[in-house]
Amino acid sequence: MSNRPLNSLRPTETLELESGLSLVPRVKLLLTVYRADKSVNPFDEWKFKRSLIDYIKSSFFITVPEEDLQIRKFKDLNKRKREEPVARGRLFVHDLGFLSKVIGETEDDVERADKKFLEWRRGFVEKLDGIELNLEGTKFKLNVAVPMSDDFEGMKKEWEEIIAFGARGYQRSAKMQPDTIVLKGMPSRWFAETRVSSKPSMLVTHTIVSALGKIRNLHVAEDNSIGDGADEEDIVSGLHCKIVVRFEKHKDFHDALKILCGRSLQKQGSRLRADYDVTWDKDGFFLDARHQIEERKRMPARGMEERDEGHRQHSRVSQFSSEEGRKRFKV
């Protein structure tokens, strides 16, 4: 596991975690496909993928493996209006070695490296967005966007505006800054106790996530929600988990969220990557008294009871009492 401070990592660097896991950098884009002519010819997913892959290679000199481009047409195409999309998908660029020339191999200023990376990604999106691909005489238009879970600057602007205007229960005070991250779509087995259970373990999850900062509260549960660009048939019950982590300091929250944006989770020895969704908690997950009561009932007796890690430094798993939470976040 890496001991480097999170704020020293450049956007193209990997962060090593416990249990053979690592956060690997990548670019993820959401795709929406529309008809660009009056043709009613059927949409061929494979032909569109090949055409787009060839376009990216010839225009940007970036090779995208076929498995890193996901395109799926809508099932109800015969019921859709002409101006409505015919397909949607996701594009991943995992090999970012070419960006060393863009950012600079000796660039030690992380802030400057971040800026160069974001400028390149913005230009890449702008050049891809709106292109038309001709599939044997039938034209299709592509719309491209960066998912919200990869837009750290957008999320930061959001919470700063919420604090400034006192929305969603936040006071107009710089002291009331967010400290909780929500992760969805994590593989349950990667957070489970090996040879014990396939369900995510609170203890294992705490060990892995603590590499991102000092934890005050932690919650992990089964997650069957649908993420950006995913389809219902892709969701299999019990395979993924949702992790909600509250950090002791806003700085740890800030640096952790920045690292989690624009990366995938990968396990050593496996080619599989978890392209999770990440956001910050706007609704006060750990301030819900009913949630706290349910958590106390669900926790096993072996040391998982609710505790304040700030007062018990030797605790591996922390839960913050609802009463103290209400006092701390009283509006």
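This briefing covers the cavity and the salt bridges of the structure above. The model is predicted: local features need pLDDT of at least 70, side-chain atom pairs count only at pLDDT 80 or more, and totals for chains, interfaces and linings use all residues. Residues are numbered from 1 along each chain as its sequence is written, and side-chain values use heavy atoms, with hydrogens and water left out. The structure holds one cavity of 30 Å³ or more. It also holds 12 salt bridges.

**Cavity**

- The largest cavity has a volume of about 80 Å³.
- A cavity here is a set of points, on a 1 Å grid over the protein atoms alone, where a 1.4 Å probe fits but cannot get out. Its volume is the space filled by probe spheres set on the points, which are joined across faces, edges and corners.
- The lining of the largest cavity includes Leu-17, Leu-23, Leu-183, Met-186, Phe-191 and Ile-208. Val-209, Leu-212, Ile-243, Leu-260 and Leu-265 line it too. Lining residues have an atom within 4 Å of a point.
- Strand E8 (180-187) and helix H5 (202-209) are the elements that give two or more residues to this lining. Helices (H or I, at least four residues) and strands (E, at least two) are DSSP runs, numbered from the N terminus.
- By class, the lining has 11 nonpolar, no polar and no charged residues. Nonpolar covers Ala, Val, Leu, Ile, Met, Phe, Trp, Tyr, Cys and Pro; charged covers Asp, Glu, Lys and Arg; the others, Gly among them, are polar.

**Salt bridge Asp-150 to Arg-26**

- Asp-150 and Arg-26 form a salt bridge, with the closest N and O atoms 2.6 Å apart. The term means a side-chain nitrogen of Lys or Arg within 4 Å of a carboxyl oxygen of Asp or Glu.
- Asp-150 lies in the loop between strand E7 (138-145) and helix H4 (152-165), and Arg-26 in the loop between strands E2 (21-25) and E3 (27-35), so the pair ties together parts 124 residues apart in sequence.
- Asp-150 is buried at 6% relative accessibility, and Arg-26 is buried at 2%. Buried means under 20% relative accessible area, exposed over 50%, and partly exposed in between (1.4 Å probe, protein chains only).

**Other salt bridges**

- Arg-50 pairs with Glu-66, the closest N and O atoms being 3.7 Å apart. Arg-50 is partly exposed at 28%, and Glu-66 is partly exposed at 33%.
- Arg-80 meets Asp-76 at 3.0 Å, N to O. Arg-80 is partly exposed at 24%.
- Salt bridges that share partners join Arg-26, Asp-150 and Asp-275 into one network.

Terms used. 1 Å grid on protein atoms, 1.4 Å probe; cavity = no way out; pocket = protein on both sides within 12 Å on 5 of 7 lines; lining within 4 Å.
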